[in-house]
Amino acid sequence: MSDTPFGFGLPPEEPDDGDEGKKKDQESGGGQGPANPFGFGGLPGAGGFGGPGADNPLAAMFGSLNPNDLGAAFQQLGQMLSYEGGPVNWDMAKQIARQTVSQGTQDGVKDASIGPADRTAVEEAVRLADLWLDDATSLPSGAGTAVAWSRAEWVEATLPAWKELVDPVAERVGAAMGDVLPEEMQAMAGPLIGMMRSMGGAMFGTQIGQAVGVLAGEVVGSTDIGLPLGPVGKAALLPLNVEAFGKDLGVPQEEVRLYLALREAAHQRLFAHVPWLRSHLYGAVDGYARGIKVDTAKLEDVVGQFDPQNPEQLQDALQQGMFQPEDTPEQKAALARLETALALVEGWVDAVVHAAAKPRLTSADALRETLRRRRASGGPAEQTFATLIGLELRPRRLRDASRLWASLTDARGVDGRDGLWAHPDMLPTASDLDDPDGFVHREQMDFSELDKMLGEAANGTTEKPNLTKDEDSKDDDTE
């Protein structure tokens with residue numbers, strides 16, 4: 001579990017338009033500390049992390065505010081305590097994410113609205129990328145539209161996916177908060193439990209909002225973490241982040257944009273034409289999350305000593321780590337499935353994009369290696385999930401998977417390689433990544449007849465299998 005604090009603070013004002021950052025930040029407001037991407041740095045009265053008030057976010061909130069700020073802080077606290085929705089306060093998450101975006105990144109780059117030139121450049125890059133990919137994969141285009149997003153627009157577009165990923169874990173925490181008390185005491189403690197759940201929803205909302213806001217400053221598209229976060233059929237790039245990504249690479253900006261467009265368009269093809277893949281990945285995340293247990297002993301201590309005037313106790317409990325992955329065969333299998341699935345997706349994209357870009361872009365090798373290292377080293381996306389459920393969404397075996405897909409291309413051709421996506425049981429396993437040659441030359445399983453029979457059974461049209469004459473007579477004799 002990460003040591004990321006679940007701090008409460010009064011974030012700087014959001015710009016009027018949410019994108020361009022026209023309204024200046026308050027002088028006391030600041031970005032996140034470099035070692036703590038989810039923290040609330042530069043809070044009024046807090047002095048940043050490590051300064052006065054850093055260990056007590058609520059003291060930071062109320063310590064040195066003028067009367068207007070104090071009123072706003074009480075209003076925010078009231079909103080937290082009155083929340084009655086699901087396990088995560090997503091309204092708060094959205095608000096904090098947009099406010100985090102409005103602060104700009106650590107290098108001082110503010111968000112900006114997308115102009116016509118950037119939109120046209122992204123549309124043309126995706127269109128050209130799709131043409132190049134036609135030679136590298138048998139899967140047709142999956143991007144109905146190409147869009148250029150600001151960071152704030154990325155937040156708005158991806159929050160539904162984050163909700164689907166995070167709610168199951170947060171639900172477990174909310175249930176645990178009610179289960180730690182004996183049944184006969186739960187009725188009497190109803191208001192207290194309700195307050196704790198409201199605070200829990202606010203804490204998750206705060207952390208998710210902060211994390212998504214930081215992530216919006218780094219992602220270059222909608223599929224950076226290997227999961228489809230944006231709407232179906234929309235290939236998206238963030239021009240501001242694309243420019244920052246290629247700033248010190250010594251590669252022409254047009255090539256950087258085109259290479260990233262290739263990756264985005266390849267992901268879109270895969271998720272559009274492998275209908276079971278999205279649910280497979282999200283189900284793997286959920287399966288792993290179900291194996292996470294809450295440290296009820298620690299939570300019982302918090303409940304027993306809970307002081308409504310000191311709600312940061314809940315923050316401290318979450319910060320110290322209440323999530324513990326169960327060391328069971330089922331949990332290990334769930335983690336292996338998820339890591340292998342992520343590696344196969346990213347490895348396929350890596351191999352296909354390289355095949356499309358290598359003959360056409362002089363910088364293809366350099367950009368490929370840069371992206372591989374970026375995924376291997378992790379970032380806010382991985383830290384977000386590590387904080388929430390102890391899980392890093394990182395394809396640890398990306399290079400192994402990429403080599404396996406390339407070997408499959410050589411041995412079976414593009415159609416044979418891509419045909420493996422027809423059924424989840426046809427895909428390589430973790431052990432196949434250890435022995436790629438064995439998998440490449442193994443006889444392929446054909447699921448077409450099985451799928452046909454299952455489809456006919458579902459429609460009530462299953463026919464009696466064709467039998468030989470002797471077999472038919474044998475059936476008649478038995479009857």
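Helices here are DSSP runs of H or I with at least four residues, numbered from the N terminus, and a helix axis is a line fitted to C-alpha atoms over the stretch in contact, with angles running from 0 to 180 degrees between N-to-C directions. The model is predicted, so local features need pLDDT of at least 70 and side-chain atom pairs count only at pLDDT 80 or more, while totals for chains, interfaces and linings use all residues. Residues are numbered from 1 along each chain as its sequence is written, and side-chain values use heavy atoms, leaving out hydrogens and water.

Let's start with a helix pair. Helix α9 (residues 253-273) packs against helix α13 (residues 329-357) at about 130°, the axes lying 9 Å apart. The two are therefore oblique to each other, the class left over once angles under 35 degrees (roughly parallel), over 145 (roughly antiparallel) and 65 to 115 (roughly perpendicular) are set aside.

Now for the aromatic rings. Rings of Phe, Tyr and Trp (its six-membered ring) pair if their centres lie within 6.5 Å, and planes under 30 degrees apart count as stacked, over 60 as edge-to-face and the rest as tilted. This rule gives three aromatic pairs. Trp 405 and Trp 421 are stacked, 5.3 Å centre to centre with 20° between the planes. Trp 405 sits in helix α16 (residues 398-418) and Trp 421 in the loop between α16 and α17 (430-434), 16 residues apart. Together with Trp 276 and Trp 348, Trp 405 and Trp 421 form one aromatic cluster.
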